[in-house]
Amino acid sequence: MLRFFSMVGMLLILSIFSFAQVQLTGKVTDAKDGSALPGVTVKVKNSNVGTITDATGTYHLSVPSKATTIVFSFIGFADQEVAIAGQSTINAALQSGNKDLSEVIVVGYGTLAKRDLTGSVTKISAKEIENQPISTFETALQGKAPGVVIESGSGKVGQAMKIRIRGTSSISAESQPLYVVDGVPIVSAPQGDVNNDPTNPLADINPNDIESVEVLKDASASAIYGARAANGVVLITTKRGKGNDKTNVDLNLSTGWAKPTKLRGFLDAKEYVELVLEAASNDGKYAFAHQDPANPRWTTEQQAIDYYQNRMKNNLKSLSGGNDDWQTYKTNTNWEKLAYRDQAHTNQADLSISGGNAKTRFYASGTYSDQEAIVIVNRFKRYGGRLNLEHTANEKLSFGLNLGVSRTELTRVSTDNAFSTPGQMVAQPPITKPYDANGEPVYKPLYYNALVEAKYAKDLQVTFRTIGNAYLNYNFIPSLSFRSEIGADIYNLTDESFLGKETQDARGIGKGSSIFDQNATINTNNYFTFNPQLGTDHSLSLVAGMSYLQNRYNGNWVTGEDYPTNAIKNVSGAVNITGGSSNVQDYAFLSYFFRANYNYKKKYIASFSLRSDGSSRFGPDKRYGLFPAGSLGWVLSEEDFLKDSKWVNYLKLRASYGLTGNAEIGNNKYLTLLQVNNYPGLPGLNAFQLGDPRLHWENTSQVDVGLEFGFFDNRLSGEVDYYNKQTTDLLLRANQPLTSGYPYLYTNVGKMENKGVEIMLSSKNIVGKDFNWSTTLNLAYNKNKVKEINGQVVESSDRLQRAVEGQPIGVFYMPKYAGVDPDNGDELFYDASGKKTNDYTQAEYQVVGKSNPDWTGGLTNTFTYKGFDLNIFFSFVEGNNIYNLAGQYQSIGFANGLDNQTKDQLNRWQKKGDITDVPRVAYYTGEAHAPSSRWLYDGSYIRLKNVTLGYSIPKSVLSHIKLNGLRVYVAGYNLWTKTKYISDPEVNTYTQGNIGGGVDFYTVPQAKTITVGLNVKF
Amino acid sequence: MKYGIKYIGGLLLGATMLITTSCNKKLDVLPGTQVPTDQIKNENDIQAILFGGYKSLQNYDGFGERFLFVTDLYTNNNVIYTGTFQNYADVYSQTVAENSTIASGMWGNAYEGINGMNLVLSRLDLVSDANKKAIEGEAKFIRSVFLFELAGIYGLPYSNGNVTTNLAVPIMTKPVLSGDDLGESKKPRATVDELYKQVIADLKFAADNLPESYDTKKDMARANKYAAHAFLSRVYLSMGDYKNAAEEANTVIESGAYALVPDWANEFNNTTFSTEDIFAILQTSQSNAGTSNNGLVTFYSFDQRGEVLVDPAFVELYGDGDKRKSFYTVLDPETMTSNKWRDFYGTIPVIRLAEMYLTRAEANLRGGTTIGDTPLNDVNTVRTRSKAAPLTTVTADDVVNERRLELCFEGDDYWTNKRLKLNLGQLAYNADKAVFPIPLRELQVNPLLKQNKGYREK
């Protein structure tokens, strides 16, 4: 600690020495659009006296009184010389340049110009996030940021997503990135009902309030977040007002209509009946062929067939409601269609007002959105407001507040793994009726009818969230400032659910539950920033400070049953309280950090950062971790041999190395704990978990080498990165013998790696007066490998997937399907020696696929012609598999029940010699219901994610109606998809966890949406 | 302003330092809802851990459901499973996967219970002398009941002979308290002989040291002396040690502590122990084995999932007038369900007096002994209670038939078939697949374990 303060002292002294004679000040802007240019070198001509502009484009320079001229120079812009001539304020507007390089990038505890950055950071700006029919902003990053893989779990709204930055770096700890909103690390893990599919706390943030999202990918960029950075860091900066004395009012209205991208297609009544009877006939043939010769039951095959067909006809009659309608296909219900709304509507309205002057700037906004899921019942609404306020008291002191509040209402359907969820309605046979003559949903056509649930159950999750921080900036001297921030993320969630007497799980009694969760994070950041003026050749920026975060989770829940009436839908209507409890959990992080950025002549850049973190999640001896990172950059285009190149405008090589950590395993995992139980009359204690006191951080080291370039007058620009992430001391939830009384132990075992390449290319294909065409391509390749787990077998919850040494995480581990025996229609598998067998028990369990893709990316083409703009965006994923877990019910030729079957079953084997990959159908004597690669599909896809056509009314027209801007647009999402998968390829019933993924279990497909919108600026 | 700078600067530095020191302590966070094991300090704590054993018995992986239910599914005697849960369907079709959650669930829950009991047994120093033996007996009762159940589920039955080579399950006698004790848990499977010896020793100790009854109603559910005797009668019966089986059953009957419930239907779906229940599992609306995806009622009751149908041919075996015959819900002649498990919060009899009569009768007949009343009287005692016509003569096989009619859906058939070397459906009693697989995950973490024949080892 002492060292830290002595360093701060030195900084103070240094800055005082640099005080000098006459003061010059001013602001440098881009001549093209008047925006501020940070990082511009301002230098007295023919001397070494100089400085660079700060993030607002402003500079302060002490010049010798003899100086006559100052020079503004900046990469990609033409130099500009200005005579001082006694002025004390000199502004400059620089001509023609590549603005991207001067773009301000938010990094941890500060900002940097893109050109000075030596780490790997992807910035997504507001215009890529705004005004889309999305419930949460991450959706908009999909395919936009190379190396960031985003998987929406399903077409349900408000659901959690799986997000990986540069691959999965842990097996048992969390691998989702850290999210920081205006300096406050926020809660992003699902809260609330653990018995339903996880929801997404990030949906509380209004996407339209976001100014930029920076994704910190390499260690150099992220290590300043130390123990929490191994999965990458996503910095979210909200919009603020500009001090230009103007008040801007921005109104956005949009409305949309959505449908499923794809219906899977199931048998209709005729096909169903034919196939079911064929199954019965096959049963008869099989039974006849396999009967005991000593004591035969049937004398002819036809007798056996008749026996089984008659039994089946009884079943069909019973499904048909006791009549013979099944024979005439009178009832032909398309259950799949019933699961979806005819038309799902989305409405959104946003209003923001921003403005201010040199002293006070503000941004205020209000939002309302109402999004119906394509699936029935499911709906998400959000109301929110934001106020960002900043006041500059004097040149030394400024302070401000960023505050966002929101309320969301999510009307939920049950988990994918329940008869009561609409997605499972496809299991009902087409010959069953969804509703009876009175219009009441039929209770049990074959299985419990989800339409009963839709009518008589209710599940509403409401969150109320406040994310905000207050800050104070104090400039001791122009080069030394101190910033203190206190922020909070207060997340309140209630979930009221009710099951009426008519529903399956509360049949005859009615059940209700109420959940209340509060998750409160308090965070403070306090740090010094020191930018001494060291002349034009040297530039140094230092940041040092501390941060403390504490989180308290408080939750309670109560369940009750025996409702005298359905009219009261909360627990107060329950006569019998069946359970309830409360829960408290705390964690805290205490951290110190330091960062230095140095550059010499704008050519050679070096950066170093160090963070020390203490976490309550580990035992007293293992609490602290140290996370250093360093990086170097070389701007080749500033070297003499390239400076005058006609076609190379910008070329930078950078490399970084650093350590980051992961502590996301939940609390108290190092302790052996007992929990209270409630056996009637005998209150007792049972085992809860086994602990390892030696438990400590998971460490990830990462090397990154990157090349940034701009060619041909910056018409072609981009970035290429190579990275190598090595994770050691994995926080592994290792299986232990159950004979110990405990299923597993969290312990630091094993190694994992992620290697990859990221490419981002931006091309201005046509730059004209009226017509412009530009293309952006981003591509990322990631290769994950579990290097060592000490022989442990670590499986997903459904045991379909594993972490296997030498393989990427989450490989599907099951028998390999070998097609169909043309002789008898049997399902075949490969045995240990690679031979085909029809005996499932002889089949060899092996790696048959993987859930994470190799390649991901996006391609955007933007055209503008006069007032028209057209944006066409494709995203794609390659190299992953999807396992249709529902296949064992819906694509198995009735061997696992009378569930309706997918259309591919029509291609079943029928007679000797048939070549097909769909085995014969049979009800009693059918195939193994057990997992095999039979239901594993290539999950690669390319998708037309978005097409937007907009028209902005010309300024000349607008001035007559006193508007600053008016744009109308129509946009389509998920309009076209190419994939080999049988349903929507963007499905994943397991968004949480690292091993399980890429599994479709009656999962709702994505929405295909058309929206029209209006954007007015006053 | 210069002073101002110093002042503010100093203040900020000071504040930073203050936050830093006060925050350091905040890293000491204790769990809010669980107890670290170093907090076990007195007899109360030990008793609480002992009571935890009853929760493990109540679990759906114990007597709350699976010990009674999946054994009946496996036996294929009188139930028809029509549900969609793959893991149960696999039990019914006798193709249990090595990674079945049922196989690993019952195993894991039992050893969780056993570990708790070993923790109690290792800290008897905290218990007052007056209670020491009784607590020791109670912990040993629970431990032995779990071991006995596991031995029958995962290993060949005693009746198969070769008891010194046939494998049962590992016997755990020391508690695992931290990661450092894990080596202790990696034991090989004990032989059937070793396991039965351990179980008998534990149960005998319990029978000798447990009280005849408990004073307070709250303690009603705790195992007493007769619960231990009753289990001993089961153990001896499965060993074919008929004399001891009859003796132990006789001890329970002769104690006079229990009486058959006069009206058959009142033995089930009670909120408390009946006069007939020697050992049972209590359930309430707040503490039960499951109400939507688990629990006997979920599967058996026609107004719940109703996925377990009763073979109509079985129901035909009851004579007319037998109250047990009408204890079914008949939806149509092909579709009927048992009424034994109708109340989610009802008590689950684990071992009841009727079984003692039937055990004494059969054991006397097979062992040629005359312990207690005559076999004919014993069987008729059970029959007349449910208004079935009394038998005039009785053979051992008659008693077994009576046992099936009386104890159906209570998990008895599995044990009966195995001890009498009768088939389980198509499988011979000692066929490879007539036992559950040792859970695959156990083999993966404990190289000393051996898989049952016919099942995958990896």
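**Strands, sheet and cores in a predicted model**

Modeller: In this predicted model, two residues make the hairpin that links β22(A) to β23(A).

Colleague: What makes β22 and β23 of chain A a pair?

Modeller: Two strands pair when at least two bridges are found between them. Strand β22 (residues 457-477) and strand β23 (residues 480-499) of chain A have 20 bridges, in the antiparallel sense, so they count as paired. One of the positions is Tyr471(A), whose bridge partner in β23(A) is Glu485(A).

Colleague: How do you know that β23(A) also pairs with β24 of chain A?

Modeller: By the requirement of at least two bridges. Between β23(A) and strand β24 (residues 511-530) of chain A there are 20 bridges, and the strands run antiparallel. For example, Ala488(A) has Ile522(A) as its bridge partner in β24(A).

Colleague: Which strands form the open sheet in chain A, and in what order?

Modeller: Five strands, in the order β10-β15-β16-β13-β14, with mixed pairing.

Colleague: Why do β10 and β14 of chain A stand at the edges?

Modeller: β10 (121-125) and β14 (184-185) each have a single partner strand, so one side of each has no neighbour in the sheet.

Colleague: What makes β15 and β16 of chain A a pair?

Modeller: The cut-off is at least two bridges. Strand β15 (residues 210-216) and strand β16 (residues 233-238) of chain A have six, in the antiparallel sense, so they pair. Leu216(A) has Val233(A) as its bridge partner in β16(A).

Colleague: Which residues have the most contacts inside the largest nonpolar core?

Modeller: Leu195(B) and Ala228(B), in a core of 236 residues. Helix α6 (residues 129-154) of chain B gives the largest share of this core, 12 residues.

Colleague: What is Leu195(B) in contact with, leaving aside its neighbours within four places in sequence?

Modeller: Contact requires C-beta atoms within 7 Å. With those neighbours set aside, Leu147(B), Ala151(B), Ala168(B), Val169(B), Ile171(B) and Ala190(B) are in contact with Leu195(B).

Colleague: How many residues does chain B have, and what share count as buried?

Modeller: Chain B has 458 residues, of which 53% count as buried. A buried residue has 20 or more other C-beta atoms within 10 Å of its own, so that share of chain B reaches the cut-off. The secondary structure of chain B comes to 17 helices and seven strands, and its C-alpha trace spans about 115 × 55 × 45 Å along its principal axes.

Methods: Residues are numbered from 1 along each chain as its sequence is written. Chains are lettered from A and ligands numbered from 1 in the order in which they are written. This is a predicted model: local features need pLDDT of at least 70, side-chain atom pairs count only at pLDDT 80 or more; totals for chains, interfaces and linings use all residues. Helices (H or I, at least four residues) and strands (E, at least two) are DSSP runs, numbered from the N terminus. A nonpolar core is a set of buried Ala, Val, Leu, Ile, Met, Phe, Trp, Tyr and Cys residues joined through C-beta atoms within 7 Å. A residue is buried if 20 or more other C-beta atoms lie within 10 Å of its own, exposed if 12 or fewer, and partly exposed in between; C-beta atoms are placed from the backbone. Two residues are in contact if their C-beta atoms, placed from the backbone, lie within 7 Å.
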